[in-house]
Amino acid sequence: MYLLVVEDERKVAGFLKQGLEEEGYEVDCAYDGEEALECLRARPYDLVILDLMLPRVDGLEVLRRFRGEMAGGTPVLVLTAKDSVEDVVKGLDSGADDYLTKPFAFEELLARVRALLRRREKERELRVEDLVLDLTARKAKRGDKEVELTAKEFALLEYLMRRSGEVLSREEIAEHVWGQDFDPLTNIVDVYINHLRKKIDQGAPKKLIHTVRGVGYSLHG
Ligand code: CA
């Protein structure tokens, strides 16, 4: 299980990282909101622990962008120093799954982390019509047919399915799936969409991946 800890107080971040690693989790740390967004774009995490008071981009904004434009579905546990109901409500409204008020006992944090990861285990597939993406086994199925996907194809399909019904620009797709490795001069998005079409739509009675001329792509039934 791969966790991201976002906390600008390095001592606290270090303490959380060490404690969580002792429990067998792998942990990355980000020390401000900007860095957190970079990490979230760069790789999928199983859980994010997010402090709300952060330099550069505050925690609520990180959360809004992650749930919004990045369509991130990873559970987020929010840490808040302020014991204010307002803060907690804002956090939950912005897409936090749970929260802890500082200071907290490490055991309490661990219990919340375990509960969120268990819940995530249950939400492990995405479905659009007869297309099913198994997020745990990292496999796709169209009807009865198993579809083999590369890691990038999987990430692309996951993004399209999470944002099913929306029209996504090439830039949005590239930024989410390729992050900083993306060279805007390439047609990599179109190339990968073609790979996916061959695997998902070819031979199927109904096409799910649609080209929206002049804009980008949309996946829907
Ligand atoms: Ca802080």
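Predicted model: local features only at pLDDT ≥ 70, side-chain atom pairs only at ≥ 80, totals over all residues.

**Labels and their cut-offs**

Q: Which residues are exposed on the other side of H4?
A: Val 85, Glu 86 and Asp 93 are exposed there. Exposed means over 50% relative accessible area, buried under 20%, and partly exposed in between (1.4 Å probe, protein chains only).

Q: Which residues of helix H4 are buried?
A: Asp 87, Val 88 and Gly 91 are buried in H4, which spans residues 85-93.

Q: What do the buried residues of H4 pack against?
A: They pack against helix H3 (59-67), strand S4 (76-80) and S5. Contact here means heavy atoms within 4.5 Å.

Q: What makes Arg 112 and Asp 98 a salt bridge?
A: Their closest N and O atoms are 3.2 Å apart. The definition asks for a side-chain nitrogen of Lys or Arg within 4 Å of a carboxyl oxygen of Asp or Glu, so the pair qualifies. Arg 112 sits in helix H5 (residues 106-122) and Asp 98 in strand S5 (residues 98-101), 14 residues apart. The structure holds 22 salt bridges.

Q: Why is Arg 112 called partly exposed?
A: Its relative accessibility is 23%, so Arg 112 counts as partly exposed.

Q: How do you know that Arg 142 and Asp 130 form a salt bridge?
A: The N to O distance is 2.7 Å. That meets the cut-off, so the label holds. The pair links distant parts of the chain: Arg 142 is in strand S8 (residues 139-142), and Asp 130 is in the loop between strand S6 (125-128) and strand S7 (131-134).

Q: Are Arg 142 and Asp 130 buried or partly exposed?
A: Arg 142 has 8% relative accessibility and therefore counts as buried. Asp 130 has 35%, so Asp 130 counts as partly exposed.

Q: What makes Glu 172 and Arg 163 a salt bridge?
A: Their side chains meet at 3.2 Å, N to O. Glu 172 is partly exposed because its relative accessibility is 26%. Arg 163 is buried because its value is 8%.

Q: Which protein atoms are donors of the calcium ion?
A: Asp 8 (OD), Asp 51 (OD) and Met 53 (O) are the protein donors, lying 2.1 to 2.4 Å from the ion. Donors are N, O and S atoms within 2.8 Å of the metal (3.2 Å for Na, K and Ca), so these atoms qualify. Water is not among the atoms, so sites may look incomplete. Along the chain the donors follow the spacing D-x42-D-x1-M.

Q: Why is Asp 51 called buried?
A: Its relative accessibility is 1%, so Asp 51 counts as buried. Met 53, at 48%, therefore counts as partly exposed. Asp 51 also belongs to a network of salt bridges with Glu 7, Glu 9 and Lys 102.

Q: What makes a set of residues a nonpolar core?
A: The members are buried Ala, Val, Leu, Ile, Met, Phe, Trp, Tyr and Cys residues joined through side-chain atoms within 4.5 Å. The largest core here has 29 residues, and Leu 133, Leu 157, Ile 173 and Leu 219 touch the most other members. Helix H6 (151-162) is among the elements that each supply at least two residues. H6 gives the largest share, 6 residues.

Q: Why is Glu 129 called partly exposed?
A: Its relative accessible area is 44%, so Glu 129 is partly exposed. Glu 129 also has a positive phi of about 55°, although it is not a glycine.

Definitions and conventions:
Residues numbered from 1 in each chain as written. Heavy atoms only, no water. Helix = DSSP H or I, 4+ residues; strand = E, 2+ residues; numbered from the N terminus.
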